[in-house]
Amino acid sequence: MQGMKKILVTGGAGYIGSHTVVELIENGYHPVIVDDFRNALQSSIKGIEKITGILPVVKEIDICDRSAFKAVFEEFEFSGIIHFAAYKAVGESVAFPLKYYRNNLVGLINALELAAEFGVNDFVFSSSCTVYGEPKGNSIVNEESEIQPANAPYGATKQIGEQIIQDFIQTNPGLKVLNLRYFNPVGAHSSAHIGELPLGKPNNLFPVVTQTITGKIAELKVNGNDYSTKDGTCVRDYIHVSDVAEAHVKGLEWLTNQDGDFVEVLNIGTGKGASVLEIIHTFEEISGQKVNWSFGPRRDGDIEEIYANVEKSRETLNWSAKRTVTDAVRDAWRWEQQLKHD
Ligand code: NAD
Ligand code: UD1
């Protein structure tokens, strides 16, 4: 077992973070969450406790506040770091670019600097398939696929983040970094105790569908029906958030067994693509309700079709997604009903 290995989880109260904290606890780790709840609610911590029976340690601080962040490293001896904390809304990043650059890059710089200062060598970074942009030719991207210019400041923060890590490891023997490029994390924990919090108006497909079913959103617009895909709508690699969470645990295990210094990049997806219409139809089947939708124009900057080549993550981590997109739909729907209940 992991003994009581302490893992720093920045952004651990958030969507992917909270699911990862559950997996860490269930695998014998001792996660320490650092999150200032700018995009999370305390109820996610209660949800973690309901699932695992353990109330995780939470330090409510802004990771851009270096001295407050440093105090956490002084208090605990970490064996690894999973760095989730960042802003993630593409549209907002276009409207407020500096807000995104400041939070996503200063947060990462502080985390890396403190990792080096305190000798914490195992570091997992939340990257995104957005770094690939619109794939040229093949829609299945692997880790060697060309990085395209970012279409929004959000994507740029992930590209620059990966570059910062690349440069930093050159001067830090021992440091081992795993950049996980998530495709489209969706769904919720099967218990419905934690899930994605729709703070404000959602833009992502899954929360838009669930909120259309419950009537919070009057009508879903399918963004474009004239793409060269199976049914004319965009195709994505939707992956259950609990599978994403498990990849982090496998990632930490793997890092422990490597010698430094390096950065490894892995796609975290299912390797399968689903269209917008397929997702809507699956929600209709699972919920037994109609989704009120119609076709609208294409969304600016949308990618036609992209999904992950998952060979490298499978071989490296001995991990692959276990849940189907139908599982993710079922759990997203359960979570939406739970939210309505509360
Ligand atoms: P989220 O907003 O639910 O979680 C991020 C958490 O970080 C929140 O709880 C927020 O309060 C916290 N946070 C942000 N800035 C902070 C700061 N300065 N100090 C302390 N806490 C701070 O987002 P998520 O969906 O869980 O995403 C987690 C990571 O994964 C992000 O880095 C995101 O860019 C990346 N990612 C997400 C997706 C996705 O579809 N959700 C896809 C690819 C990559
Ligand atoms: C978006 C971001 C990506 C980010 C990801 C997860 C862009 C260009 N990309 O990805 O960087 O990592 O979210 O946060 O914004 N759709 C509709 N109607 C809706 C909502 C969505 O048709 O009301 C369609 C979209 O046009 C898209 C698909 O559903 O074709 C998936 O959309 P979304 O969930 O926003 O994810 P991405 O666009 O893949």
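Cavities first: I searched the whole structure and got 3 of 30 Å³ or more. I used a 1 Å grid over the protein atoms alone, a cavity being a set of points where a 1.4 Å probe fits but cannot get out, with lining residues having an atom within 4 Å of a point. Points are joined across faces, edges and corners, and a volume is the space filled by probe spheres set on them.

This is a predicted model, so I note the terms: local features need pLDDT of at least 70, side-chain atom pairs count only at pLDDT 80 or more, and totals for chains, interfaces and linings use all residues. Residues are numbered from 1 along each chain as its sequence is written, chains are lettered from A and ligands numbered from 1 in the order written, and side-chain values use heavy atoms, with hydrogens and water left out.

The largest cavity holds about 110 Å³. I count 13 lining residues there, with Glu196, Pro207, Thr210, Ala332 and Trp335 nearest its centre. Helix 7 gives the most to this lining, 4 residues (helices are DSSP runs of H or I, at least four residues; strands are E, at least two; both numbered from the N terminus).

Next, ligand 2. Its shell has 18 residues, with Leu205, Lys221, Arg236, Arg299 and Asp302 coming nearest (near: a heavy atom within 4 Å). Strand 9 gives the most, 3 residues.

Then I looked at ligand 2 oxygens: a polar side-chain atom of Asp302 lies 2.4 Å from one, and a side-chain N or O atom of Arg299 is 2.5 Å from one.

Conventions
A polar contact is a pair of N or O atoms within 3.5 Å; within protein, one must be able to donate a hydrogen and the other to accept it, and residues adjacent in sequence count only if both atoms are side-chain atoms. On a 1 Å grid over the protein atoms alone, a cavity is a set of points where a 1.4 Å probe fits but cannot get out, and a pocket is an open set with protein on both sides within 12 Å along at least five of seven lines; lining residues have an atom within 4 Å of a point.
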